[in-house]
Each structure stands twice: as structure tokens, then as C-alpha cells.
Amino acid sequence: MSLSAKEKATVTDFFQKVASRSEEIGTEALSRMLVVYPQTKSYFAHWKDTSPGSAPVRKHGITIMNGVYEAVGKIDDITGGLLTLSELHAFMLRVDPVNFKILTHCILVVLCMLFPEEFTPQIHVAVDKFMALLALALSEKYR
Amino acid sequence: MVEWTEFERSTIADIFSKLNYDVAGSNALARCLVVYPWTQRYFGKFGNLYNAAAIMGNPMVAAHGTVVLHGLDKAVKNMDDIKATYAELSVLHSEKLHVDPDNFKLLADCLTIVVASQMGSAFTPQVQAALQKFLAVVVSSLGRQYH
């Protein structure tokens, strides 16, 4: 399931359009993930506050969106482009890859919530595929 | 038996009382067919599903989306025994329609996204959690009679 040229353009355009609200997207998606899937809090036991919109959640939401935008910039070779991030997740963070799907779902929910007109089904499928490739790239170095 | 908090009960009742079944149902099903194209395998008789525009404008998809969403009414009215409520529908999906139960989850995800777009900021994380828990119970109940 790779991205066609058209889908790459769709994804790039869409993320450019929503770039000004990327902090909001990241915070919302992460906040939701921690509430809707409480098992994900296990990775953040070192945070004082995992409640929606808290300071550590906002800060980390920005970090995550930076990663997403890095992948958008390297959309022609996501796996190659994200090798360092993959090493980070594989050897240091050791996040179970099942959680990538969970966070992706939350990002999609937030995108549709914040951009109901723009987030058409056509854009939805392209972004979903892109996020799946992103997750795959992050899992590259796991084993 | 599934335990529901007061918040969860009232949230689910609230969401479904305010839902436009025609719009949400057709949008959710159409979105499912676009985003997960392999789900089209169950709709061979629905005519033109060749591209996203065709799917979004297909009247049979729209009509069926409404049917599916109204199917959720039973669960909303019987939250304390969704499993028994859906026993018959589960048999139908398994024995007659031969639907892979994984598809129930895909449609549930699309419905969550459509409800989010309709509710905007009112779709808080807590509301999302309640809806996803409800849909997970529905999905599980629909898959129960498969063997």
C-alpha cells in the first residue's frame, strides 16, 4: 500500500494548509489518546500530569507533530528519511508498535474535528495511508 | 456484563438523539468504502463504486448507511444487554452476509470520525472514550455468533 504521486501531493498540500494549527492538532491527538486508551499512559509515568491539555502533553504534542511534518517533507522515502527516529523508538523508547495505530486514529479524529470541510474521504484515505507508512518507517529498526 | 457510568449512558443517548441519521450513516459507510476499499467486496450489487466521487454520490450507499446506523438504535436502547440484542444480527452477518468481523471495527472507526466532524469541539476526549467503548461493545457483540 504505497502512495501514488497524486496522494503524495494531496498529503503535502493538506498538511501545509493545516500547519498553522499543528500544535493544537498534536495536543488534541495526544490528549485524546491518553484518555481513550488509558494503557498508553504507561509510557508517560514520568509526567506529573497526563490530563488533556496539560503542559507535558502540549510539549509532547509539538514534538510528535514535528516528526509528522518531517515525514511529510521526506514523503518520497519515508523509511529512509526516518531511520534516526526509528532507532530512537526501537532502542530507546521501545514503544509497542500497536500504539502507532492508536495515535494515528486519534490524529485522524482530530483532523476531522478541526477541519470538517477540508478532511474529505479522499484526503482521509491518503492521510491514513501516509500515517501507516510513517508507522511502518518508525518500526523499521525494531527487529 | 458491561458496566456503564452515568456519564457514558447520558453521552451515548445524547449523541444518538442529536445525530442526523441520514447524513451520518451515509457519510460513515461511504467513508468506509473509500478509505478501506476492500470493504467494497460486500456491495457488488450497489452499482458504481469506481471512485470516491461515485461512492459519495451513490444513492444505494446512502440508503444502506442509514439502515446500518438505525441498527445501532437497538444497542442505544438496550445498553445493559447489547450482546443478546445483537445475537440475531450477528448470525445474519456471519451465516448470510459472510462479513469478516474486522470490518465492523473499520466502520466503527469511520463513524467515530464522522461524529467528531459533526460535533466539533463538543466531541471531547471523554465523549470520544464513551462512544468508542459503546462501539467496541457493539462490534464485539456482532462478532460473537461467528464460528
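Hi everyone, let me start with the fold of chain B, which has eight helices and zero strands. Here helices are DSSP runs of H or I of at least four residues, strands are E runs of at least two, and both are numbered from the N terminus. Read from the N terminus, chain B goes α-α-α-α-α-α-α-α. Its radius of gyration is 15 Å, close to the 15 Å that the globule rule gives for 147 residues, so chain B is as compact as a globular protein of that length. That radius is taken over C-alpha atoms, and the rule is 2.2 Å times the number of residues to the power 0.38.

A quick word on ground rules. This is a predicted model, where local features need pLDDT of at least 70 and side-chain atom pairs count only at pLDDT 80 or more, while totals for chains, interfaces and linings use all residues. Residues are numbered from 1 along each chain as its sequence is written, chains are lettered from A and ligands numbered from 1 in the order in which they are written, and side-chain values use heavy atoms, leaving out hydrogens and water.

Back to chain B. Its C-alpha atoms fill a box of roughly 45 × 40 × 20 Å along the principal axes. Of its 147 residues, 48% count as buried; buried means under 20% relative accessible area, exposed over 50%, and partly exposed in between, with a 1.4 Å probe and protein chains only. If we take contacts between residues at least 6 apart in sequence, 74% join residues at least 24 apart, a contact being heavy atoms within 4.5 Å.

Now, which residues touch the most other members of the largest nonpolar core? They are F14(A), F15(A), M33(A), V127(A), F130(A), F16(B) and F134(B), in a core of 78 residues. By nonpolar core I mean a set of buried Ala, Val, Leu, Ile, Met, Phe, Trp, Tyr and Cys residues joined through side-chain atoms within 4.5 Å. Helix α6 of chain A, residues 98–114, gives the largest share of this core, 12 residues. Apart from this core lies another one, of 16 residues, including Y36(B), I55(B), V61(B) and C110(B).

Let's zoom in on F15(A). Leaving aside residues up to four places away in sequence, F15(A) touches V68(A), Y69(A), V72(A), V127(A) and F130(A).

Helix α6 of chain A also holds N99(A). Is N99(A) buried or exposed? N99(A) counts as buried, because its relative accessibility is 10%. With residues up to four places away in sequence left out, N99(A) touches T40(A) and Y43(A).

On to the loops, and some backbone angles. Most residues other than glycine have a negative phi. R94(A) is not a glycine, yet it has a positive phi of about 50°. R94(A) sits in the loop between α5 (83–93) and α6 of chain A, and it counts as exposed because its relative accessibility is 59%. In chain B, H98(B) also has a positive phi of about 50° without being a glycine. Where is H98(B)? It lies in the loop between α6 (87–96) and α7 (102–119) of chain B, and at 53% relative accessibility H98(B) counts as exposed.

Last stop, S51(A), in the loop between α2 (22–36) and α3 (55–73) of chain A. At 32% relative accessibility, S51(A) counts as partly exposed. S51(A) and L34(A) are 17 residues apart in sequence, and their C-alpha atoms are 7.8 Å apart in space. Thanks, everyone!
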